[in-house]
Amino acid sequence: MFTEKQLFYACLAQTSPTPLGIEICDAEGVFFIGKDAKKYYDLIAGVSVSNAGHKNPAVVSALHKQLDAFSHLMVFGELIQAPQTRFAAFITSLLPQSLNNVYFVNSGAEAIEGAMKLAKRYTGRTEIVAFKNAYHGSTQGALSIMGNECLKQPFRPLLPDVRFLNFNAEADLLFITEKTACVVVEPVQGEAGIVLPVNDFLKKLSARCQQTGTLLVFDEVQTGICRTGPVFAFEHYQVVPDVLVLAKALGGGMPLGAFVASRQLMSCLASQPALGHITTFGGHPVSCAGGLAAFEYLTQEVTPKQIEAKADLFYTLLVACPHVKEIRYLGLLMAVELGDAEKLQRFVSMGVQKGFISDWFLFCDTAFRISPPLTISHDEIRDVCRLIGQVLERV
Ligand code: PLP
C-alpha cells in the first residue's frame, strides 16, 4: 500500500521541484489540519479563495442542497438554472448599472480569455495593453498579457499585438491609442507583491481609455469578493471598469470564474458568430450555489470596517518585528517585505514547522503573503503574529 506522499510524488504532475508537500486531511475556519492532527494557520486561503473560511456551514449546506437537486446539466447559456440566475442577479445587484450582465466560466484565466475576446469583438481592434509584473492566468491568452518574460518565453509564440506599460506610470498612458481594444489591469497588483495604485493612477487610466474608445478591464480575481474591504477593490478608487473579471473566491471554494459587462457589450458574443465563447462547465450549478452562499455570508457577516481593523492589527503586530522592511496592504491582501529571497524561503519553511502556512509572490520572492480567510478573529491574528514573530527572531 502506497502512502499519500508516495502517490503525490509518483502520480501527480509536479508544478515545481519543491512543493510544500504537507498532507492535509481537513480544513476548518482559518486552519488546515494535517495528517498528524497538527493545525496550521492558513495565511494563503488558496490565494484569496477561501474568503468565507474553510468548511463554512452556510456554504456546505448550500452545496449539499444543490447536489441533491442537480449537478451539471448542459453547456453554459442554454438552460435556465436557478443557481446561475440567482447568483448573477445577486452579483449585479452589488454593481453599478453599467455592469449588469454576467458570463460564468470555470476559472480566472478563462474569464480573462473571455474578457479579451469580448474587447476584440466589440471594438474591432486587436491591440491589448497590460502591465509589467501583472499576472492574469496561465492559459496562452492570459500568459500573453503576463508582465514577466521569464515565465512566458518558453511558450512563445503567444498572442501578437500586446503592449506592456509600467504600473503607476502616468506618462505611459499615452501608449494607449485608438488601436487599443482593451487595457487589462489588476486594481491592486497581486503577484507583483501587493502594489497599490498611487496618484489617482486608475482614474487617469480610465480617462485615457474613454478618450481612445478603449475598454477598461479590471482583473479582480484576487482583489474581489471583500478581500480588500469593500466587495470590489475598484470601490476604493471610484473607477468603474467596462469589464470586471472575477474568480477565486467567487465560487466559495468551488471552481468558478466570471466576466461582467453591460448587456449591450456582452450581446456581441451571441452573434456574428453566435457562440463567441463556449464553456462546458462554466457556471457549474454547484459552484454557483456555493458561491452565492459564500458571497451572501461575506456581505452580511463581514464588514469593510472589520476587515480594515483586522488588517491594521496584523500591521501593528508585525511592523516592528525583526527583518520586516515594509508592509504593503489593502484590507487582508498583504505583503510583508523582508528584502531577501533566501531569508524568505527559510521563513516559509520554518513557518510550516511552527504551524502557519504562507508563501511568496510569483514576481516578488522577498515578501511573504498574508491573505487569510476573512473570518479570522482578532485572537487568531494575535496568536499567528506571535508565531510569525518567533520565526522572524530566528530566521
Ligand atoms: N488573475 C489574477 C489577478 C490572479 O491572481 C489569478 C490567479 O492567481 C488569475 C487571474 C488566474 O486565475 P486561475 O488560476 O483561476 O486561472
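**Note on the predicted chain**

1. The chain's secondary structure amounts to 14 helices and 14 strands. The radius of gyration is 21 Å, close to the 21 Å given by the globule rule for 395 residues, so the chain is as compact as a globular protein of that length. The model is a predicted one.

2. On overall dimensions, the C-alpha trace spans about 60 × 55 × 45 Å along its principal axes. Of the 395 residues in the chain, 54% are buried.

3. On contacts, take those between residues at least 6 apart in sequence: 72% of them join residues at least 24 apart.

4. The accessible surface of the chain is about 17600 Å², and carbon and sulfur atoms account for 55% of that area. As for charge, there are 33 positive and 37 negative side chains in the chain. The centres of these two sets lie 2 Å apart.

5. In general, the strands of a sheet pair through backbone hydrogen bonds, either parallel or antiparallel. Which residue stands opposite Y40 in β3? The residue in question is F32.

Conventions. Residues are numbered from 1 along each chain as its sequence is written. This is a predicted model: local features need pLDDT of at least 70, side-chain atom pairs count only at pLDDT 80 or more; totals for chains, interfaces and linings use all residues. Side-chain values use heavy atoms; hydrogens and water are left out. Helices (H or I, at least four residues) and strands (E, at least two) are DSSP runs, numbered from the N terminus. The radius of gyration is taken over C-alpha atoms; the globule rule is 2.2 Å times the number of residues to the power 0.38. Buried means under 20% relative accessible area, exposed over 50%, partly exposed in between (1.4 Å probe, protein chains only). Contact means heavy atoms within 4.5 Å. Accessible areas come from the Shrake-Rupley method with a 1.4 Å probe; for residues, only the protein chains shown count as cover. Lys and Arg count as positive and Asp and Glu as negative; His and the chain ends are not counted. The place of a charge is taken as NZ of Lys, CZ of Arg, CG of Asp or CD of Glu. Two strands pair if DSSP finds at least two bridges between them.
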